[in-house]
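Hi,

Here's the structure I promised to pass on. Have a look at it first, then read my notes below.

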Amino acid sequence: MTETYEALIEDSIEIAAPPARVWALVTDLPAMSARSPQVVRTTVKGGVVRQGATFRNLNRDRFLFWPTSGKVVDFEPEQRFAFRIKENRTVWSFTLEPTADGGTRLTQRRETPQGVSDVSMRLTKIAFGGQSKFTGGLRAGMRQTLVAIKAEAES
């Protein structure tokens, strides 16, 4: 039986800070390790996050560590920031929407417009206990990331 994956995972949060402040946080990839439970370190080639920028992540889940390579595929200041992970073909994004009270609604997504690579599917089954368990961890990590961004933006 072939294991399936969720094509879309997303979560949102209301932040009492303007989009410009939130934008500065979500596009600071090297600082994401302080916000995301899975990211250990991110290095941006050339040091500047912009459309087409590439970067390397070191990720962690308990005792397992693995590198990934990303490329910024959407960069609309104060609106949308997205990057594609080469190894599994997923697209991660942050969408910012201004709220009536001057704050920001921030949505984080993980999409799979080209599916998930066979290698990633096999490794997830072997190393992480399968798609369902791994996706549950991604959901929890998204919530933790959004809460951390909110706390930082509102401080």
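In the hairpin of β6 and β7, five residues sit between the strands, and Gly 102 takes a positive phi near 90° there. Just so you know, this is a predicted model, where local features need pLDDT of at least 70, side-chain atom pairs count only at pLDDT 80 or more, and totals for chains, interfaces and linings use all residues. Residues are numbered from 1 along each chain as its sequence is written, and side-chain values use heavy atoms, with hydrogens and water left out.

Back to those strands (DSSP runs of E, at least two residues, numbered from the N terminus, as are helices, which are H or I runs of at least four). Strands β6 (residues 91–98) and β7 pair antiparallel over eight bridges; pairing means DSSP finds at least two bridges between two strands. Thr 95 has Thr 107 in β7 as its bridge partner. Strand β7 (residues 104–111) is also joined to β1 (residues 8–15), again antiparallel, by eight bridges. There, Ile 13 is partnered with Leu 106 of β7.

Is Thr 124 buried or exposed? Thr 124 is buried, at 3% relative accessibility (buried is under 20% relative accessible area, exposed over 50%, partly exposed in between, using a 1.4 Å probe and protein chains only). Thr 124 belongs to helix α2 (residues 118–128).

Val 40, in strand β2 (residues 39–44), is partly exposed at 33%. Beyond its neighbours within four places in sequence, Val 40 has contacts (heavy atoms within 4.5 Å) that include Leu 58 and Phe 65.

Cheers
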